[in-house]
Amino acid sequence: MEETNKPRLYFFIKAPIFIIAIIIFIRDINQLLEYYYSIDDPGGIIGCLKIIFTTTILRSSLILLIPFIGIFLDNKIGWSLILSTYFFWIILFIYAIFTSSIDREGSIVIISGIFIVLLVCIGLMNSRENCTLVYGIDKSEKLKMNFLSLLIALIGISIIVVLNLN
């Protein structure tokens, strides 16, 4: 079997997900603790569980749990979970561009840069070195796995939309 360049791929593909997930986990836990201590009678563990299920504090952490699990799996499932995250970010990025009132002329370089970085990450995930040698995905399965990853991303977006409607 050919030698793979796993450290480079792990750094460029898995490190951004790991770093963002840890930052979001810490932020959400701090928000949860602040909310818990701001209540007059929190009610112990039951009160904490009530806060978790009735507020929106941990929603982003729960969504980032999917790719965080994928980081530690070196199989087809891990590949799909990681790639779905990059599809998820591209869909959210496009949605943010069309629905926000950002200054499009002044920040076109930043917008283009983020989009290109996301596309490069998707390209690295779909490279032969990564798919076949690291994750064991054949060339014939790659299209199906990409579609599965896109479907997982769309389900994540749908969950966000449904939860935000309530």
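Biologist: In which helix is S84 found?

Modeller: This is a predicted model, and S84 is found in helix α4. That element spans residues 76-99.

Biologist: Is S84 buried or exposed?

Modeller: Burial is read from relative accessible area, with buried meaning under 20%. S84 counts as buried because its relative accessibility is 4%.

Biologist: Which residues does S84 touch, if those up to four places away in sequence are not counted?

Modeller: With those neighbours set aside, S84 touches S149, I152 and A153. A C-alpha distance can be read beside such a list. S84 and L154 are 70 residues apart in sequence, yet 8.6 Å apart in space, C-alpha to C-alpha.

Biologist: Let us turn to M145. Where is its place, and why does M145 count as buried?

Modeller: M145 lies in helix α7, which covers residues 142-165. M145 counts as buried because its relative accessibility is 11%, and the cut-off for that class is under 20%. Residues up to four places away aside, M145 touches K76, W79, S80 and I137. From M145 to I77 the C-alpha distance is 9.1 Å, across a sequence separation of 68 residues.

Biologist: Where is the place of E141, and how is its accessibility to be read?

Modeller: E141 sits in the loop between α6 and α7. Not counting residues up to four places away, E141 touches K76 and G136. E141 and K76 are 65 residues apart in sequence and 10.0 Å apart in space, C-alpha to C-alpha.

Biologist: How many helices and strands does the protein have?

Modeller: The protein has seven helices and zero strands. Of its 166 residues, 35% are buried.

Biologist: What share of the contacts between residues at least 6 apart in sequence joins residues at least 24 apart?

Modeller: Such a share is read over the contacts of the protein. Here 76% of those contacts join residues at least 24 apart.

Biologist: Which residues have the most contacts inside the largest nonpolar core?

Modeller: The largest nonpolar core has 28 residues, and W79, I82, Y86 and W89 have the most contacts inside it. At least two residues of this core come from each of α1, α3, α4, α5, α6 and α7. Helix α4 gives the most, with eight residues. As for Y86, its contacts beyond four places in sequence are F12, I13, P16, I17, L118, C121 and I122. Another core, of five residues, lies apart from the largest one; among its members are L32, Y36, I51 and L58.

Biologist: What is the volume of the largest pocket, and which residues are the closest to its centre?

Modeller: The largest pocket has a volume of about 640 Å³. Of the 28 residues that line this pocket, R59, S60, L62, I63 and I160 are the closest to its centre. Helices α1, α2, α3, α4 and α7 each supply at least two lining residues, and α7 gives the most, with eight. By class, the lining has 20 nonpolar, seven polar and one charged residues.

Terms used: Residues numbered from 1 in each chain as written. Predicted model: local features only at pLDDT ≥ 70, side-chain atom pairs only at ≥ 80, totals over all residues. Heavy atoms only, no water. 1 Å grid on protein atoms, 1.4 Å probe; cavity = no way out; pocket = protein on both sides within 12 Å on 5 of 7 lines; lining within 4 Å. Points joined across faces, edges and corners; volume = space filled by probe spheres on them. Helix = DSSP H or I, 4+ residues; strand = E, 2+ residues; numbered from the N terminus. Nonpolar A, V, L, I, M, F, W, Y, C, P; charged D, E, K, R; others polar. Core = buried A, V, L, I, M, F, W, Y, C linked by side-chain atoms within 4.5 Å. Buried < 20%, exposed > 50% of the residue type's maximum accessible area, 1.4 Å probe, protein only. Contact = heavy atoms within 4.5 Å.
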